[in-house]
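Dear colleague,

Please find below the structure that I am handing over to you. My notes on it follow directly after.

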Amino acid sequence: MISERKRAYNCEYRRTHKEQRKVHDYKYIHSEKGQRRRREHRIEHNEEIKMQSRPRKKKFYKLHRDEMIAKAKAYQKTPEGRAIAAVCHNRYRSRIKGGDLTKARWMEIRDRSPICNACGRFVECENLSMDHIIPVSKGGLHTASNIQALCLICNIKKGAIVPVI
Ligand SMILES: [Zn+2]
């Protein structure tokens with residue numbers, strides 16, 4: 001335990017050495033220990049932090065609503081935004097049936113070559129659509145090995161047909 005005298009001294013020191021304190025705090029926050037404590041604190045007080053930040057977020061959203069919507073819409077049109085949409089599109093079904101496809105993995109498959117896997121037509125990589133080789137509705141998994149990049153026309157034509165191998 002820290003004695004009263006020491007505590008008073010610490011308080012006084014912190015009050016009179018603001019600059020040193022800043023430097024020290026900065027160092028601590030960016031140290032390994034500081035980062036670890038921060039993560040632990042976040043996990044321990046997750047609910048509290050969420051509750052505290054909620055009104056602030058709400059207020060911010062109210063003020064910047066149109067801006068944020070426009071930003072989100074613009075992001076959805078970028079190649080990365082579209083990849084996320086494709087991955088998330090099947091998230092619910094895949095959670096039940098299993099699968100671990102990530103955005104990065106899908107983008108890797110999609111950007112491998114700008115050619116439709118079924119008809120061989122040239123399509124810009126970012127316009128290729130995600131297709132489950134064995135459809136999710138027929139027991140296929142939402143995993144990288146069950147994913148291929150098709151042009152939209154082939155994808156719609158294929159529907160829920162299980163390919164004959
Ligand atoms: Zn095609």
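I begin with a meeting of two helices: Tyr-75, Gln-76 and Lys-77 in H5 are in contact with Gly-81, Arg-82 and Ala-85 in H6. Two residues are in contact if their C-beta atoms, placed from the backbone, lie within 7 Å. Helices (H or I, at least four residues) and strands (E, at least two) are DSSP runs, numbered from the N terminus.

Please note that this is a predicted model, in which local features need pLDDT of at least 70 and side-chain atom pairs count only at pLDDT 80 or more, while totals for chains, interfaces and linings use all residues. Residues are numbered from 1 along each chain as its sequence is written.

How do H5 and H6 pack? Two packed helices are described by the angle between their axes and the distance between the axes. For helix H5 (residues 65-77) and H6, the angle is about 85 degrees and the axes are 4 Å apart. Here axes are lines fitted to C-alpha atoms, for helices over the stretch in contact, and angles run from 0 to 180 degrees between N-to-C directions. H5 and H6 are therefore roughly perpendicular to each other, a term that covers angles of 65 to 115 degrees.

The cut-offs are as follows: a residue is buried if 20 or more other C-beta atoms lie within 10 Å of its own, exposed if 12 or fewer, and partly exposed in between. Leaving aside neighbours within four places in sequence, Ala-86 is in contact with Trp-106 and Met-130. Between Ala-85 and Lys-103, 18 residues apart along the chain, the C-alpha separation is 8.9 Å.

Turning to the whole chain, the secondary structure comes to nine helices and two strands, in the order α-α-α-α-α-α-α-α-β-β-α from the N terminus on. The radius of gyration is 26 Å, well over the 15 Å that the globule rule gives for 165 residues, so the chain is more spread out than a compact globule. This radius is taken over C-alpha atoms, and the rule is 2.2 Å times the number of residues to the power 0.38. Along the principal axes, the C-alpha atoms fill a box of roughly 80 × 35 × 30 Å. Of the 165 residues, 12% count as buried.

Which residues make up the largest nonpolar core? The seven are Cys-116, Val-123, Leu-128, Ala-149, Leu-150, Cys-151 and Cys-154. A second, separate core of six residues includes Ala-86, Val-87, Leu-101 and Ile-147. A nonpolar core is a set of buried Ala, Val, Leu, Ile, Met, Phe, Trp, Tyr and Cys residues joined through C-beta atoms within 7 Å. Not counting residues up to four places away in sequence, Leu-128 touches Arg-110, Cys-116, Val-123, Ala-149, Leu-150 and Cys-151.

Other parts of the chain are open. Helix H1 (residues 4-16) lies largely in the open, since the number buried among its 13 residues is zero. Arg-112, in the loop between helix H8 (103-110) and strand E1 (129-132), is exposed, with 12 other C-beta atoms within 10 Å. Arg-112 and Lys-18 are 94 residues apart in sequence and 55 Å apart in space, C-alpha to C-alpha.

With kind regards

Technical notes
Angles under 35 degrees count as roughly parallel, over 145 as roughly antiparallel, 65 to 115 as roughly perpendicular and the rest as oblique.
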